[in-house]
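Me: I would like to learn how to read helix packing, a sheet and a chain contact. Can we take them one by one?

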Amino acid sequence: MVARVTVFILRRLIQSVFILLLTSVLVFIAIYAIGDPIDVLISPEADQLERIRIAATFGLDQPLWRQYLLFAENALQGDLGRSFAFSTPAIPLILERMPATLELAVAAMLLAIGLGIPLGLWVGLRPQSIVGKIIMSVSILGFSLPTFWVGLILILVFAVQLGWLPASGRGATQLLFGVPVSFLTWDGLRHLLLPALNLALFNIALVIRLTRAGTQEALLQDYVRFARAKGLTTSRIVGVHVLKNILIPIITVIALQFGSIIAFAIVTESVFAWPGMGKLIIDSIRVLDRPVIVAYLMLIVAVFITINLVVDIIYSFVDPRVRLSGGRV
Amino acid sequence: MASDHESALASNVPRPTLEVQNLTTEFVTRSGIAKPVRGVNFSVMPGQIMGLVGESGSGKSLTGYSIMGLVDHPGVVTCGRVLFKGVDLRGLNSAQRRAIRGDRIAMIFQDPMMTLNPVLRIDTQIMEVVSAHYPVDRQTARAMARSALVQVGIASPDERLSAYPHQFSGGMRQRIAIAIALINKPDLIICDEPTTALDVTIQAQILFEMQKLCREAGTSLIWITHDLSVVAGLADTVCVMYAGEIVESGTVQQVLALPRHPYTSGLIACAPSRNKPGAPLRQINGSTPSLLALPSGCAFRNRCDRASDICHTPPPTVDEGGQSFRCFHPMPINKFNESVG
Amino acid sequence: MSEDARNAQVVSSPALETPMRTFYRNFFSSRVATIGLVGLALIFLAALLAPVIAPQNPYDLATLDIMHSRLQPGERSLDGQLIFVLGTDEQGRDMLSAILYGIRISIIVGFASTTIALALGLLAGLIAGYAGGRVDSLIMRAADIQLSFPPILIALILLALTGPGVSKIIVALVAVQWAYYARTARSAALVEREKPYMEAAVILGLSPLRIIARHLLPNCMPPLVVVAALQVASAISLEATLSFLGLGLPVTEPSLGLLIANGFQYLLSGKYWISFYPGIALLLTIVAINLVADHLRDILNPQLAK
């Protein structure tokens, strides 16, 4: 059995590396091949000589495939080029802002699970109740409303009108294992709440829907009827029997959504002026600072792939049916 | 369907464990009101095994659920009394009913894969039925679970306790379900076709063991099935259900040897074992009527070759020495009671 | 009820119940969806008639007067001709007019991109499902790659590379949406392909094109129509987001997103109307579409309602 699981992990690992490679090629081609990268760096009046000089400095005069190999070689050493606009290496630039974005993303994910599952359970158990219907309507709104719009309203209501929470920015930070985090301070939490809520809204709605559907389906199963025949209390039936069955798929979906959350943080960071990767990437896109764009994309893809891989592996351990049959369900 | 209740009070005979009187369950659907259980009456004495026989759609499973109070929306038990040791279960509130379920009355379902929760361990699922009703600590509960597994014949119980349902075969899962049902030593167990999904050999084993366990403990058993042969080997009394009603009841000897209702007679004749080799298999013409469009009077009249005009009115219940049936034209009493239309 | 009575009922039933009638009856049985439909119709009308009913043409720079900037809702213009019902923005644009034109652009972009994505995705999916083999793998690989990226990222990159413009936004939105339709169409095609009527069509010697177009297509449509209806709101939402970030429609043809972005900085100083009213317009549009689409889904395909 150990051998089977190891084989499974190895296969997925190889697949992941392959996808990473493929994506790097695609990204590279898309970014560097379309348009002329030199235009970012020089004024429109620069003469030919200037162009050639810049091209040589940044290695842009080589044929495309050479450029890619150079790029790949550097990438494996952890160097994804220098930002055209900032003249500093791209990766450190992004990594510097990453903790802020991660903090936001993780907070959003926790909110999605912490709010979404209980609400979804409620609706699943009492679909016809008024509260249930209200929750469902709000969840529909959560899906369809643009995140930035909701952010706007949140600021209007909680910051401008009520004055309870700050309208923008990140709160005071403390170092945790050498990384500045803001959730350890009260001020930090106050600043974190609105943006995290904003970012989480879509996923809260998603979790509510998933939980509701899962609960309704679970309640129809024979094992629920059997549990009732055993005389178990409703809270035990829901809290243990139903919950354990629906939890795994839901957490899987949310984990897979994590990459999306990070990507969407771009919008929330813009609305709330949160100093994360999002603002950096927007500015970089505006001026077409390609190394930064490429570095960001590669990072996101790497995050995606890692998450998928980890979730797959954990899933195979956690779901007893999968674990004990050695791998694939 | 004579009630033993009055006679019990009068002559100091032991009270029936379960007495069902005029039980009716309705389903309100968009196409109309269906009554899968209509005016069902029977009683079960302590230590007795009663077979509830009928085709699929006859309402036998629902009768079991109605007794347990497990009828799901949009079904509702609309009338009747379910007297468990003299107390009407329908008059109790949900907390009281929950206290009785799993402790005094247990139920076993048909498909053991579906009734055991696939993501919970076996010991959890056995122990929780004890802790739901009695204040026991984990150690004790686990020990009880272990001996329950031994009792139903599962080897190496300690390993098995930490396992998950899918690691067991169908027969073993059903034994686990039986262990769960027996662990609190209930007075009544309702079994809803528990052996239908199993191999014939396993089926025989389980039947034998259920019978033994119930005789030893004095537990009453209601065995719901469509298979007459199971009833023949296992039960003391039998009730035959058709389209929601009990059409015949009595001891197994009475009903199987001398069936009075044409449907019972037809059922018995249909059993392949009764056929001479080479002769075509018998069948009952027609099919079960839709519950939304039941024939007036006797529900069986459209398939019965003994039916006449009077069968458009509800047939009376006739009692002959403990054997009851509802028919205007019961099968005549003679030794070769075989043929039906 | 006896057999005879039941039969009699069937024969003497009233007017003919066509599928369309059933559809209408089912649709309008929901008050909420009907309200949504009415709202949507009003919005469409407003968008259509924008050039006619708007008090001012917000794109015509000549009519804008910087003296009118940031006026509150209800104030008048300097010459007393116009009432700025919903106030003005920082360039002196009448908010009501800007919103009407903005709705127009948003709806055009949303519906156009969804329709094109639907058509492309449908085509790709049907071909993949029908042809199978290498063609299938290729198309599905492409779709998978697209689906594994967050939509906003894809749109951002594309717009960064191509620059702003209505057609470019539509292209970006199509690129983001097509894969989902392709997958759905392919699954439907795979299911339908096994059905007897497909075999019959092949035996009759019909050309693959005809089979796909006349036989496969109509049967695969319903789930896709449902998805498309829901996606329109999503597309409008995404476009607004992109415009908000400054990468969407150009400043000269402001969409609701851009209007909201412009007014954002004034939120804290109390000039809420520059952002707020466009926001409300966006909200109403999206909600109306969703109400209709949700109900459409419930009646066309109850299984999807999970």
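Me: Which residues in α5(A) meet α11(A)?

Reply: Two residues are in contact if their C-beta atoms, placed from the backbone, lie within 7 Å. Here L93(A), I94(A), R97(A), M98(A) and T101(A) in α5(A) meet M277(A), G278(A) and L280(A) in α11(A). By class, that contact has five nonpolar, two polar and one charged. Ala, Val, Leu, Ile, Met, Phe, Trp, Tyr, Cys and Pro count as nonpolar; Asp, Glu, Lys and Arg as charged; the others, Gly among them, as polar.

Me: What should I know about the model and its numbering?

Reply: This is a predicted model: local features need pLDDT of at least 70, side-chain atom pairs count only at pLDDT 80 or more, and totals for chains, interfaces and linings use all residues. Residues are numbered from 1 along each chain as its sequence is written, while chains are lettered from A and ligands numbered from 1 in the order in which they are written.

Me: At what angle do α5 and α11 of chain A pack?

Reply: Helices (H or I, at least four residues) and strands (E, at least two) are DSSP runs, numbered from the N terminus. Axes are lines fitted to C-alpha atoms, for helices over the stretch in contact, and angles run from 0 to 180 degrees between N-to-C directions. Helix α5 (residues 90–125) and helix α11 (residues 277–287) of chain A pack at about 135°, with axes 7 Å apart. So α5(A) and α11(A) are oblique to each other. Angles under 35 degrees count as roughly parallel, over 145 as roughly antiparallel, 65 to 115 as roughly perpendicular and the rest as oblique.

Me: How do I read the sheet in chain B, with its four strands?

Reply: Strands of a sheet pair through backbone hydrogen bonds, either parallel or antiparallel. Two strands pair if DSSP finds at least two bridges between them. In chain B the open sheet runs β2-β1-β4-β5, with antiparallel pairing. β2 (32–44) and β5 (87–88) of chain B stand at the edges, each with a single partner strand, so one side of each is left without a neighbour in the sheet. β1 (residues 18–29) and β4 (residues 75–84) of chain B pair over eight bridges. T24(B) stands opposite C79(B) in β4(B).

Me: How many residues does each chain bring to the contact of A and B?

Reply: Chain A gives 17 residues and chain B gives 25 residues. On the side of chain A that touches chain B, α9(A) supplies the largest share, six residues. That side of chain A has six nonpolar, five polar and six charged residues.
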